[in-house]
There are 2 protein chains.
Amino acid sequence: MRTAHDTHEPSRVVSRDARSGRPRDWETSASTPGEVDAAVRAAADAAPPLRDREVRIALLRAAAREIAADGERIIAAADAETGLGVPRLEGELARVVAQFRLFADEVADGGHLGVTIDHADTGVVPARPDLRRYQVPLGVVAVFAASNFPLAFSVPGGDTASAWAAGCPVVVKAHPGHPHTSELCAAALRRAAGRAGLEPGVLGVVHGFDAGLLLVRHERVAGVGFTGSVAGGRALFDEVAARAVPIPFHGELGSVNPVVVTEEAAAIRAAEIAEGLAGSVALGLGQFCVKPGVVLVPRGEDGDELVRLLAGRLAEVPGGALLTERIRESFVTGVGERTATPGVTRLVEPSVDGTAVSAGLLTVDADGFTPLLGEECFGPLAVVVRYGSRAEAEGVLAGLAGSLTGTVQLGPGELAAGSPWVEVLARSSGRVVVNAWPTGVAVTWAQHHGGPYPAATSPATSVGAAAVTRWLRPVVFQNAPASVLPPELREDNPLGLPRRVDGAWRY
Amino acid sequence: MRTAHDTHEPSRVVSRDARSGRPRDWETSASTPGEVDAAVRAAADAAPPLRDREVRIALLRAAAREIAADGERIIAAADAETGLGVPRLEGELARVVAQFRLFADEVADGGHLGVTIDHADTGVVPARPDLRRYQVPLGVVAVFAASNFPLAFSVPGGDTASAWAAGCPVVVKAHPGHPHTSELCAAALRRAAGRAGLEPGVLGVVHGFDAGLLLVRHERVAGVGFTGSVAGGRALFDEVAARAVPIPFHGELGSVNPVVVTEEAAAIRAAEIAEGLAGSVALGLGQFCVKPGVVLVPRGEDGDELVRLLAGRLAEVPGGALLTERIRESFVTGVGERTATPGVTRLVEPSVDGTAVSAGLLTVDADGFTPLLGEECFGPLAVVVRYGSRAEAEGVLAGLAGSLTGTVQLGPGELAAGSPWVEVLARSSGRVVVNAWPTGVAVTWAQHHGGPYPAATSPATSVGAAAVTRWLRPVVFQNAPASVLPPELREDNPLGLPRRVDGAWRY
């Protein structure tokens with residue numbers, strides 16, 4: 001590993017305009033080892049007051065307010081750095097604000113603390129002591145920001161919000177695609193921390209590849225949240241697994257998000273499906289983790305018509321700049337490799353014009369499907385696979401790695417009678433979508449954004465209320481009187497928490 | 001790795017009498033790679049009916065009955081193979097039977113499925129689709145049995161019971177210390193499977209070191225439960241982390257279980273503490289994961305008296321055979337290394353007489369405490385560390401790795417006024433015991449048997465009702481009508497499950 005202190009000249013982290021590729025008038029330094037260490041220690045030192053749930057609620061509500069208050073400036077920087085466009089970023093900022101509020105509500109609810117109380121019982125064999133369990137924060141959480149959501153999966157995103165909700169301070173490894181946006185958001189979050197009476201170290205930001213490695217190796221870091229590529233995520237996963245003291249690594253690495261269109265659906269709803277699918281593939285120029293990448297369409301005339309309509313729709317989608325030059329290069333290479341696969345036909349050729357690309361569509365028969373075609377290609381590309389039987393389609397799915405989502409388009413008869421596809425897709429994905437599209441991930445109580453590897457490296461979700469449980473560990477107190485118990489576990493339940501008492505749920 | 005098929009002569013796994021060290025009239029072969037593969041595939045094939053909760057309940061209840069029905073034979077084999085004694089093993093068998101029943105009740109309760117339903121809401125921004133989440137089984141679970149609980153942490157133990165409760169078939173890597181007991185238990189569990197209408201492959205057993213490696217590398221294995229040493233557990237953890245598709249590894253590796261005696265407690269309850277502590281250290285010849293290994297006693301006369309009484313008690317404890325020859329050798333070596341540490345005084349010297357050993361007690365001043373003295377020494381040994389101030393005692397604790405338990409003995413004034421020790425011990429352990437002893441782990445709803453590494457490799461518990469959650473992963477269904485939903489997620493709640501609906505708990 002090359003570290004910045006080898007040269008005494010920390011490398012520069014430059015903010016670039018995504019559309020022009022040119023440097024903007026903002027830069028910072030890659031964090032030195034000393035700065036990474038200081039950020040982690042400041043975070044650890046800022047932790048104790050977070051044990052008070054009123055402080056956590058105040059922090060999360062203040063974060064919502066401070067991000068919203070500085071929204072115009074943040075969106076301007078994010079639009080320049082990512083090219084995602086102001087309307088999309090306004091939506092993303094609204095999502096971030098709502099997310100902080102959801103987690104504030106979750107802290108108030110407290111069900112995720114899993115308060116469980118067994119009263120002593122000397123009448124059972126063996127005798128049972130008084131036991132009281134709840135969940136406590138893990139410690140400092142390291143967050144690796146993603147390129148494609150400069151707000152919602154970055155500094156003020158779900159990992160930060162859920163870690164704070166759990167009572168864990170955060171150090172974010174900023175994504176190099178939007179360093180200025182990251183620092184603006186961090187400043188807003190530190191203002192929120194101040195309003196909640198907390199030290200600014202409760203939210204640290206570090207820059208640079210080496211800083212990320214030092215972060216996951218730091219002995220005071222107790223958990224990692226990651227959203228990014230399979231290659232980068234796996235490298236960090238391996239780093240974390242090699243630690244003397246391993247820690248939880250909750251990574252979202254990659255997902256091809258298969259879609260199955262049944263014969264009945266293709267026969268009845270070809271136009272509707274083509275339109276919805278084109279929208280889902282091209283949304284945000286295909287730069288969503290849940291973009292449908294492989295689409296199983298039945299052979300025959302109905303399928304032909306659906307594919308023709310889909311190609312027509314995708315060909316009309318305006319091109320634009322991808323997030324970074326590296327992503328554009330990967331996309332162009334990925335399209336080229338797939339197009340060169342024997343048996344693959346190019347239905348819509350993506351154009352590349354300077355920094356701008358447009359959507360592409362490839363097709364292959366199930367017979368010619370290869371592992372490469374089943375890998376995620378980040379950007380506006382989908383591969384249509386034509387199948388002749390359910391067994392053949394299942395065979396293609398069985399060759400795919402785990403995904404965040406699996407979608408099935410059913411006909412009305414199948415909807416009424418039931419369909420095996422829902423269970424088949426649940427085997428290899430974390431969210432099964434029926435007659436709808438996977439893009440647009442609601443931030444709610446039931447949401448699950450995860451799935452079998454490489455969709456996620458753990459069974460946890462990174463989106464929705466349940467994400468808070470990633471940053472907690474249980475502790476049980478045996479034979480402890482009220483005087484030494486935390487308020488969460490006292491018999492009189494002063495915080496009004498949902499709990500399980502002697503096996504019975506009490507809500 | 002040496003595999004059995006290199007020689008075409010599978011190595012023998014011999015049942016030995018723990019007290020005499022001699023072979024018993026029972027042996028089997030180390031499992032071949034083909035046998036390991038067949039066990040995993042048979043387990044995977046046996047899985048589908050376990051999705052029905054009535055089948056899981058029937059299986060767990062039948063397991064309780066079949067183990068109890070064959071109890072006499074199982075206990076006789078276990079006593080011969082482990083030397084733990086019939087009374088202890090009768091208690092362990094009762095625990096195993098109760099454990100299966102607890103998990104049957106947990107399946108019926110269903111709260112661990114985490115059913116969460118969000119109804120569609122087009123009035124929020126962004127609009128929310130209908131989302132329904134619950135937990136589904138991971139797949140085949142590999143269980144590594146421990147030496148010290150030939151029933152409760154072995155073939156019919158908590159890992160098997162909790163995996164079955166989750167709907168996961170199990171393949172156990174039998175402990176070489178009790179292969180005959182393992183096979184008798186497996187036969188009883190397969191009879192239970194038959195009574196529940198399941199294939200016998202729902203419980204596989206493999207023997208031999210190589211078989212264990214093949215098991216955790218097998219692509220159809222979806223999770224691992226391990227109880228054993230730090231060295232063995234870490235080696236398997238590293239194997240699992242290196243898989244192309246990593247899987248959850250829930251390991252319990254080692255724990256020194258510190259005890260803090262405050263000055264007030266030593267002044268008032270020296271005799272009671274000495275007696276309780278001696279019992280906890282020597283119970284089962286110190287072969288419990290939660291044996292107190294490091295005891296912090298204040299300097300001064302009260303502490304002196306406590307230590308004197310403790311030494312007297314421990315010196316009276318009858319010796320006996322440890323579980324295996326290797327454990328005896330490790331114990332003798334461990335005692336020798338610690339005794340040779342500068343500053344360490346031997347208060348009770350463990351006797352070694354053939355296969356039998358007796359309890360030992362060492363003492364050292366906090367100034368002379370070393371990392372070695374803070375490591376687990378499996379067997380009847382404790383190290384008393386004398387401290388002069390709370391800060392000094394905290395310094396010793398801070399130098400210890402994570403533990404399953406942390407115990408504090410408080411005086412009545414501290415009990416009434418509160419004590420910082422409870423929170424200090426919660427930082428580095430999974431169970432904080434107040435004025436009681438850590439040995440004797442109740443199998444209940446609130447129990448947590450885990451803790452910071454190396455006590456456990458994940459934040460999960462291996463004992464108690466919550467252990468079932470280790471073998472589950474969430475799936476959410478979006479926009480799915482009742483016809484394609486599992487019964488657990490239907491609006492009319494046909495199984496009567498506890499659930500969260502639109503953020504509100506409904507029990």
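Strand E19 (429–434) of chain A pairs in the parallel sense with strand E20 (residues 472–478) of chain B over 3 bridges; strands count as paired if DSSP finds at least two bridges between them. Within E20(B), Gln478(B) is the bridge partner of Val433(A). Strands (E, at least two residues) and helices (H or I, at least four) are DSSP runs numbered from the N terminus.

The model is predicted: local features need pLDDT of at least 70 and side-chain atom pairs count only at pLDDT 80 or more, while totals for chains, interfaces and linings use all residues. Residues are numbered from 1 along each chain as its sequence is written, and chains are lettered from A and ligands numbered from 1 in the order in which they are written.

**Interface of chains A and B**
- In chain A, 59 residues are in contact with 59 residues of chain B (C-beta atoms, placed from the backbone, within 7 Å).
- E20(A) gives the most to the side of chain A that touches chain B, with 6 residues.
- That side of chain A divides into 36 nonpolar, 16 polar and 7 charged residues (nonpolar: Ala, Val, Leu, Ile, Met, Phe, Trp, Tyr, Cys and Pro; charged: Asp, Glu, Lys and Arg; polar: the others, Gly among them).

- The same surface serves both copies, as 100% of the contact residues of chain A recur in chain B.

Methods:
Two residues are in contact if their C-beta atoms, placed from the backbone, lie within 7 Å.
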